[in-house]
Amino acid sequence: MHLSTMSVPPRDRLGTWLEFYGQKLFNLEIEPFGDEPFRADVTLRSLPGVGLSTGARSNAHYRIRQQHLKNAGDMVMLIAVLAGRGRSVQRNREALTLPGQAVMMLTSEPAIHTLVDSGRYLSLYVPRAALASIAPGFDRLLVSSIDAGREALRLLIGYACMINNAGALASPELQLGLAAHIQDLLALTLADNGEAVEIARGRGLRAARLQAMRADIAANLHLPGLSAEDVARRQGVTPDYIRKLFRGQGTSFADYLLELRLLSVHRALCDPRLAAVQVGVIAYDAGFADISYFNRRFRNRFGATPTDVRQAALAAR
């Protein structure tokens, strides 16, 4: 679900947001402050046992008061600040959060969360009992700033944002798997030992690291000499670890890189906006330095030459 005040006439934006988002969806009080016009843009997703929310909003206090608790669920809420600054108050504790940091709160107790300076955020909601089973003692971190230097937190933020930006997830198996990975990474963010954390370390952390590596490869696809060593240096792991992760997916780093480049070229050849761009230029932009090698690999992969694929795509329009 995507919600934005931009779809509402300016005079109705605050009232609509207070009623729909504040009362109907989350059962809380919203108090804007400052001189800027009220705005909010939020994407919500529900997975089995995990809720996600990402977005941006103008300065406002979001309050859970005593009267809101009658119908409140017993959830743990992790709020990561992506831009701006956050302030959280609960249990007579206060935490300030900067970009990359996070704070953990409960939905079953009075609380205040404030986001300022053109704030952007990611929120995760997990049943308290479920988190307690995989991260015992997590409540020691309630309403305290969780440092941006924690690798698990960094991976959790990236993985959750990737999921929330994805399209529809129709497969129940996929939804269950993604939810499990998020819970695993959350457990790793909050705990350092225990059998359950070791399970999480083997499952959620691998998935998030693999996603981070795939994103790194996609962002640097245009570099002809891109190697496992380059990615490892940026991700803070060893090249052997990267190769092991891809082997666990039934492929290799080199084969995955080649497949990504070939698919990138194929998409470009099928794009009528790029019909005037030479095939060699498209191949070079995808990271192929040797055109003969590219042509051979492309034909092996798609059963046709690049020119044939382009002509067929244009004729089909």
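Biologist: Where is A135 placed?
Modeller: A135 sits in the loop between α2 (128-134) and α3 (151-165). Helices here are DSSP runs of H or I with at least four residues, strands are runs of E with at least two, and both are numbered from the N terminus. This is a predicted model, in which local features need pLDDT of at least 70 and side-chain atom pairs count only at pLDDT 80 or more, while totals for chains, interfaces and linings use all residues. Residues are numbered from 1 along each chain as its sequence is written, and side-chain values use heavy atoms, with hydrogens and water left out.

Biologist: Why is A135 called buried?
Modeller: Buried means under 20% relative accessible area, exposed means over 50%, and partly exposed is in between, with a 1.4 Å probe and protein chains only. A135 has a relative accessible area of 0%, so A135 counts as buried. As for distance, 32 Å separates its C-alpha atom from that of A60, 75 residues away along the chain.

Biologist: What makes R317 exposed?
Modeller: R317 has a relative accessible area of 70%, so it falls in the exposed class. R317 lies in the segment after α11.

Biologist: How many disulfides does the structure hold?
Modeller: The structure holds zero. A disulfide is counted when a pair of cysteine sulfur atoms lies within 2.5 Å. In general, a disulfide is a covalent bond between the sulfur atoms of two cysteines.

Biologist: Is C161 buried or exposed?
Modeller: C161 has 16% relative accessibility, so it counts as buried. C270 has 30%, so it counts as partly exposed.

Biologist: What makes α6 and α7 roughly perpendicular?
Modeller: The axes of α6 (residues 228-235) and α7 (residues 239-247) cross at roughly 105 degrees and come within 8 Å. Axes are lines fitted to C-alpha atoms, for helices over the stretch in contact, and angles run from 0 to 180 degrees between N-to-C directions. Angles under 35 degrees count as roughly parallel, over 145 as roughly antiparallel, 65 to 115 as roughly perpendicular, and the rest as oblique. The pair α6 and α7 is therefore called roughly perpendicular. A228, E229, V231 and A232 of α6 meet P239, I242 and R243 of α7.

Biologist: How do the residues of the contact of α6 with α7 divide by class?
Modeller: There are five nonpolar, no polar and two charged residues. Ala, Val, Leu, Ile, Met, Phe, Trp, Tyr, Cys and Pro count as nonpolar, Asp, Glu, Lys and Arg as charged, and the others, Gly among them, as polar.

Biologist: Why are α8 and α10 given the label roughly perpendicular?
Modeller: Helix α8 (residues 253-269) and helix α10 (residues 291-302) pack at about 85 degrees, and their axes are 11 Å apart. That angle falls in the roughly perpendicular range, and the label therefore applies to α8 and α10. The contact includes L258 and H266 of α8, and Y293 and R301 of α10. By class, nine of its residues are nonpolar, one is polar and three are charged.

Biologist: How do you know that the buried residues of α11 line one face?
Modeller: The buried residues of α11 (residues 306-315) are P306, V309, R310 and A313. Seen down the axis they fall within an arc of 95 degrees, so they line one face of the helix. The arc is taken from the directions from the helix axis to the C-beta atoms. These buried residues pack against α8, α9 (279-285) and α10.

Biologist: What puts the buried residues of α1 on the same side?
Modeller: In α1 (residues 13-25) the buried residues are R13, W17, Y21 and G22. They cover an arc of only 90 degrees around the axis, so they are on the same side of α1. The face turned away carries the exposed residues Q23 and K24.

Notes:
Contact means heavy atoms within 4.5 Å.
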